[in-house]
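Open the model in your viewer and keep the selection panel at hand. The tour goes from domains to their interface, and then to a pair of helices.

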Amino acid sequence: MTLNWSERLSPVIRDMPPSGIRRFFDLASEMTGIISLGVGEPDFVTPWAIRETGIQSLRQGYTMYTSNAGLLELREEIAAHLHGFYDVRYEPRSEVLITVGVSEAVDLALRAIVHTGDEVLIAEPCYVSYGPCVTMAGGVPVPLTTTADNDFRLTAAQVEAAITPRTKALLFNYPNNPTGATMPREDLLEIAKVVEKHNLIVISDEVYDKLTYEGEHTCFASLPGMRDRTILLNGFSKAYAMTGWRLGYACGHPEVIAAMTKIHQYTMICAPITVQKAAIEALRNGTEEMKEMVSSYNQRRRLVLKGFKEIGLPCFEPRGAFYAFPSIQHTGLSSETFAWRLLEETKVAVVPGNALGSAGEGHIRCSYASSVENLTEAIERMGRFLKQFE
């Protein structure tokens with residue numbers, strides 16, 4: 001008897017679409033002459049001192065497991081870092097967990113808190129994994145649409161209107177992937193009032209916090225009354241150009257961190273010790289090179305905004321992260337069709353907005369974490385492509 005794998009697979013996983021970002025990235029990687037603005041990855045190499053620390057840790061024989069929660073030395077550095085930047089205090093032993101990237105932290109947080117049928121409010125457009133991770137945890141993702149008309153900001157009124165008896169948590173990411181939007185402190189304070197009123201949990205993904213170009217980033221957990229009801233997520237991929245190292249962390253109330261650690265110990269055991277050693281160096285001595293990278297991103301941000309304006313591509317001004325999210329509605333094409341045609345006709349790879357939630361339709365995501373030369377050439381190619389829609 002032939003085994004029918006389609007019938008044996010979990011229907012939740014079987015029916016889940018693959019990442020729209022990775023689909024375009026994989027296709028682009030098989031083509032020649034491609035300029036990819038698709039994947040959210042710094043074009044910088046991890047600063048040498050951080051790499052050297054990782055190499056040296058191997059030379060010194062650090063090849064063993066760490067505790068499930070991660071090296072205490074790293075957790076202490078993270079706690080000190082958050083206190084220094086945002087004046088929010090976490091106990092390193094019980095309130096900080098080291099994860100394999102922020103993506104694992106998102107998954108752990110949701111699996112730790114979601115009961116079957118619980119609703120999780122998600123600000124959209126958003127990172128591709130949020131909705132699927134809610135679904136895999138047994139919950140129901142509820143999108144909250146943000147638009148360029150309001151600078152892609154989430155409002156307290158939106159959150160309030162979406163709450164039902166099944167609402168368990170609110171999940172958002174600012175500075176935002178894919179829009180580059182940031183949230184003013186006063187808006188977050190209004191959302192905090194709604195969160196407290198309805199006894200919600202907040203999962204705040206702040207992996208782009210250091211990539212803030214205008215104003216100052218507000219850590220949601222630092223707001224009055226929010227520390228113990230927030231699961232704060234962050235990592236090293238973006239600010240320190242450490243995407244391939246795969247290291248993130250979660251901070252929160254001891255009970256939720258203990259629950260997340262329990263899942264982590266049965267699935268990952270621990271993050272690699274080499275990476276944790278390198279991360280300690282990043283926190284202690286990586287600030288200056290991080291600032292140089294952020295300054296370079298800011299220059300590219302201005303270049304892209306100017307270029308898009310010149311070729312007639314309307315674009316909200318991103319104030320954080322390293323993405324632009326221009327509107328392509330005037331072309332009459334869906335975001336997916338636009339992205340496919342752009343790739344086929346000009347060899348420029350972008351991400352269709354609908355891959356980042358239904359709220360992203362009519363837009364494309366362009367990462368400007370690429371060289372000035374590539375960005376300039378990509379804009380020229382896109383300009384030629386757009387002429388057919390004039």
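Start by colouring the protein chain in two parts: domain 1 (11–46 + 287–385) and domain 2 (49–285), with bounds that come from an automatic or database domain assignment. This is a predicted model, in which local features need pLDDT of at least 70, side-chain atom pairs count only at pLDDT 80 or more, and totals for chains, interfaces and linings use all residues. Residues are numbered from 1 along each chain as its sequence is written, and side-chain values use heavy atoms, with hydrogens and water left out.

The centres of the two domains, taken over C-alpha atoms, lie 24 Å apart. Next, select the residues in contact (heavy atoms within 4.5 Å): 37 residues come from domain 1 and 38 residues from domain 2. Together the domains bury about 3200 Å², 63% of it on carbon and sulfur atoms; this is the accessible area (1.4 Å probe) lost on putting the two parts together, summed over both.

Now show Thr46, Phe316 and Arg319, which supply 23% of the area that domain 1 buries against domain 2, more than any other three residues. The rule (a side-chain nitrogen of Lys or Arg within 4 Å of a carboxyl oxygen of Asp or Glu) finds 2 salt bridges across the interface of domain 1 and domain 2.

Finally, select residues 101–113 (helix H6) and 254–267 (helix H10), whose axes are 9 Å apart at an angle of about 115 degrees. Helices here are DSSP runs (H or I, at least four residues), numbered from the N terminus. Axes are lines fitted to C-alpha atoms over the stretch in contact, and angles run from 0 to 180 degrees between N-to-C directions. Residues in the contact include Leu108 and Ile113 of H6, and Met260 and Ile263 of H10.

Key. Helix = DSSP H or I, 4+ residues; strand = E, 2+ residues; numbered from the N terminus.
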